[in-house]
Amino acid sequence: MTITHLKRGKPEDARQQDDAQTRATVEAILADIETRGDAAVRALSEKFDSYSPASFRLSQGEIDALIATLSEQEVADIRFAQAQVVRFAEAQRASMTDVEVETLPGVILGHKTIPVQSVGCYVPGGKFPMVASAHMSVATAKVAGVPRIVACTPPFKGQPNAAVIAAMHFGGADEIWVLGGIQAVGAMALGTESMEPVHMLVGPGNAFVAEAKRQLYGRVGIDLFAGPTETMVIADDTVDAELCATDLLGQAEHGYNSPAVLVTNSRRLAEGTLSEIDRLLTILPTADTARASWQDYGEVILCDTHDEMLAVANDIASEHVQVMTDRDDWYLDNMHSYGALFLGPRTNVANGDKVIGTNHTLPTKKAGRYTGGLWVGKFLKTHSYQRITTDEAAAEIGAYGSRLCLLEGFAGHAEQCNIRVRRYGGVALPYGGAAAPKQAAE
């Protein structure tokens with residue numbers, strides 16, 4: 001049993017870019033936004049986007065005018081895609097229920113799911129206007145019941161992108177701002193004279209947006225620490241090289257550093273896919289970007305068995321994993337580290353990104369080992385509560401609490417328990433003493 005790399009990407013250590021300059025740049029910009037507020041935001045927008053309107057927040061009239069520039073078909077397509085996302089998010093929300101249980105007579109424990117009260121949704125748009133990202137963040141937050149949803153997107157070629165604005169509006173954004181990059185993320189998290197801060201930031205972005213979210217985490221919540229788009233194709237001889245090559249390059253076009261990996265047990269398919277990628281790169285309109293990704297981050301890994309393929313896939317923990325084999329359900333049952341699975345040759349990542357209904361904001365850089373992607377539950381907080389309703393329960397739980405607190409050396413904690421033992425249990429317990437076990441008390 002062997003695992004052979006017919007093509008490797010850059011070594012892992014070479015992929016670790018020197019992020020010191022990015023960190024320093026972001027730190028300085030966030031400090032400037034916090035100090036100068038709107039003035040800093042405007043200066044940054046002028047510098048990076050050459051965009052400086054009277055107000056970065058769109059009025060309802062401006063939103064309506066932008067939507068009016070779209071064709072009926074474009075509006076219908078946006079609404080269709082958003083409806084799929086909303087339908088799945090509603091099903092997920094329905095699966096999350098409040099809990100209340102009486103664990104002992106008179107002891108009631110429970111939890112409630114409460115929406116985050118304000119969310120900032122960042123929708124990228126500098127290189128490609130990411131219409132679908134508005135569905136994934138804004139519409140999903142709306143289904144969760146978030147009371148205030150702020151949506152930011154950069155200008156596209158100097159103007160608000162009508163399709164992105166439409167998706168934000170249809171999704172339920174309460175405020176729509178034409179702001180990009182660090183200035184958008186910083187303004188939403190820190191607040192300015194014209195924008196109230198939010199409690200949580202969500203949405204993908206470039207390295208500077210990702211670093212800004214990292215630095216702001218803790219001050220606000222975030223969805224994920226996102227990296228470049230990743231895709232993996234797990235395939236055997238049940239599919240052909242053209243399909244594999246198309247699906248790999250379809251995600252490699254996201255950026256110059258988007259990993260794309262083929263894992264297969266078929267040498268014929270592996271070598272055919274390498275040849276087919278070379279052919280497609282001569283005709284793909286976005287070949288310049290896709291070629292750079294494939295050259296530096298593309299991999300073809302040949303395994304002997306499906307067990308080896310599974311082990312490789314779980315170790316890489318790719319963001320998108322397409323499975324096209326004679327045993328797709330076996331992979332569904334046994335894969336444990338990934339962002340999202342796309343099962344069977346009829347399924348593809350592009351549909352998942354744009355229209356099918358699952359959320360496309362997913363874990364990268366092996367984060368699929370410990371978290372899933374953005375979903376309606378990310379916008380909900382689970383809060384517990386407790387209630388003791390009888391004197392007997394107060395005395396019984398209090399006695400255990402008294403002893404356990406003193407076991408840890410917390411005398412003040414113990415007295416919180418002891419005073420209940422005295423009042424509700426009728427026990428003459430000295431201050432700072434440990435409550436006796438029930439059997440001894442009898």
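Modeller: Two strands are taken to pair if DSSP finds at least two bridges between them, and the model discussed here is a predicted one.

Colleague: Over how many bridges do β2 and strand β3 pair?

Modeller: Within this pairing, Val99 stands opposite His111 in β3. With at least two bridges required for a pair, β2 and β3 (residues 107-115) qualify in the antiparallel sense, and the number of bridges over which they pair is five.

Colleague: Which strands stand at the edges of the open sheet, each with a single partner strand?

Modeller: The open sheet has three strands, paired antiparallel in the order β2-β3-β14. One side of each edge strand is left without a neighbour in the sheet, because each has a single partner strand, and the strands at the edges are β2 (99-104) and β14 (380-388).

Colleague: Which helix packs on the sheet, and what angle does its direction make with that of β14?

Modeller: The helix that packs on this sheet touches β2, β3 and β14. The helix is α16 (residues 391-407), and the angle between its direction and that of β14 is about 110 degrees.

Colleague: Are α2 and α8 parallel or oblique to each other?

Modeller: Helix α2 (residues 20-36) packs against helix α8 (residues 181-190) with their axes 10 Å apart and at an angle of about 50 degrees. Angles from 65 to 115 degrees count as roughly perpendicular and those under 35 as roughly parallel, and the two helices are therefore oblique.

Colleague: How many residues of the contact of α2 with α8 are nonpolar?

Modeller: From α2, Val26, Ile29, Leu30, Ile33 and Glu34 meet Ile182, Gln183, Gly186, Ala187 and Leu190 of α8. Of the residues in this contact one is charged and two are polar, while the nonpolar ones number seven.

Note on methods
Residues are numbered from 1 along each chain as its sequence is written. This is a predicted model: local features need pLDDT of at least 70, side-chain atom pairs count only at pLDDT 80 or more; totals for chains, interfaces and linings use all residues. Side-chain values use heavy atoms; hydrogens and water are left out. Axes are lines fitted to C-alpha atoms, for helices over the stretch in contact, and angles run from 0 to 180 degrees between N-to-C directions. Helices (H or I, at least four residues) and strands (E, at least two) are DSSP runs, numbered from the N terminus. Angles under 35 degrees count as roughly parallel, over 145 as roughly antiparallel, 65 to 115 as roughly perpendicular and the rest as oblique. Contact means heavy atoms within 4.5 Å. Ala, Val, Leu, Ile, Met, Phe, Trp, Tyr, Cys and Pro count as nonpolar, Asp, Glu, Lys and Arg as charged, and the others, Gly among them, as polar.
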